[in-house]
Amino acid sequence: MTEATTLSDSGWLSGEEMDAARERLPILYVDAVPVRVDEHGTVTKVGLLLRVGSDGQIKRALVSGRVLYHERVRAALLRHLEKDLGPLALPRVPPAPQPFTIAEYFPTPGVTPFHDPRQHAVSLAYVVPVEGDCEPQQDALELTWFAPDEAREPGVLAELANGQSALVVQALAHLGV
């Protein structure tokens with residue numbers, strides 16, 4: 001087994017290596033807006049997670065996470081959806097998913113609507129219908145389903161961290177709801 005194979009199999013960097021990479025490189029992420037759809041494909045609900053942020057505050061969030069080295073974007077989406085929504089969420093991710101937008105998170109506030117104090121990150125954002133039972137997992141405390149109009153309410157959008165409210169608004173506009 002070569003060193004490159006060993007590194008690609010693990011997919012993870014040590015904490016020190018990740019910190020060094022974050023200081024020098026944009027890191028690729030995926031963001032997913034989970035939705036429920038009716039039999040006609042119309043979005044009826046938007047799912048938002050509740051998490052404890054790095055600052056200790058409880059905030060709403062989208063399903064989000066890094067794409068690992070040598071991991072396909074589709075596999076990363078499925079991994080993060082299962083990690084946050086549970087193994088029975090039954091997400092419908094197409095074989096060749098297309099993002100509805102690309103979000104650039106900067107460590108400097110105000111460059112874009114998106115902010116991540118740790119790093120410069122580029123995130124491919126997707127709307128993903130889920131059909132199964134969702135049970136928040138790992139660091140997700142709760143999943144709340146909102147009607148599209150409720151998800152647009154200023155109070156709900158204000159609960160989203162790091163500019164993810166802009167992604168919710170863009171996703172709903174993209175879907176025409």
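The following dialogue examines a predicted model through questions and answers.

Student: How are the residues numbered, and which pLDDT limits apply to this predicted model?
Tutor: Residues are numbered from 1 along each chain as its sequence is written, and side-chain values use heavy atoms, with hydrogens and water left out. In this predicted model, totals for chains, interfaces and linings use all residues, whereas local features need pLDDT of at least 70 and side-chain atom pairs count only at pLDDT 80 or more.

Student: Is strand β2 largely enclosed or largely open?
Tutor: Strands (E, at least two residues) and helices (H or I, at least four) are DSSP runs numbered from the N terminus. A residue is buried under 20% relative accessible area, exposed over 50%, and partly exposed in between, with a 1.4 Å probe and protein chains only. In β2 (residues 43-52), 7 of the 10 residues are buried, so the strand is largely enclosed by the rest of the structure.

Student: Which residue of β7 stands opposite L48?
Tutor: Two strands pair if DSSP finds at least two bridges between them. Strand β7 (residues 140-146) pairs with β2 in the antiparallel sense over 6 bridges. The residue of β7 opposite L48 is T144.

Student: Which residue in the turn between β1 and β2 has a positive phi?
Tutor: Strand β1 (residues 27-37) runs antiparallel to β2 and is joined to it by 3 bridges, with V35 opposite V46. The two strands form a hairpin with 5 residues between them. The turn residue with a positive phi, of about 85°, is G41.

Student: In the hairpin of β2 and β3, which residue takes a positive phi?
Tutor: Strand β3 (residues 58-61) pairs with β2 in the antiparallel sense over 4 bridges, and L49 stands opposite A61. This hairpin has 5 residues between the strands. The residue with a positive phi, near 90°, is G56.

Student: With which side chain does the side chain of Q164 make a polar contact?
Tutor: Q164 lies in helix α6 and counts as buried because its relative accessibility is 8%. A polar contact is a pair of N or O atoms within 3.5 Å; within protein, one must be able to donate a hydrogen and the other to accept it, and residues adjacent in sequence count only if both atoms are side-chain atoms. At 3.4 Å, the partner of the Q164 side chain is the side chain of D31.

Student: Is E71 buried or exposed?
Tutor: E71 is placed in the loop between β4 (63-66) and α3 (73-85). Its side chain makes a polar contact with the side chain of R79 at 2.8 Å. Because the relative accessibility of E71 is 19%, this residue counts as buried.
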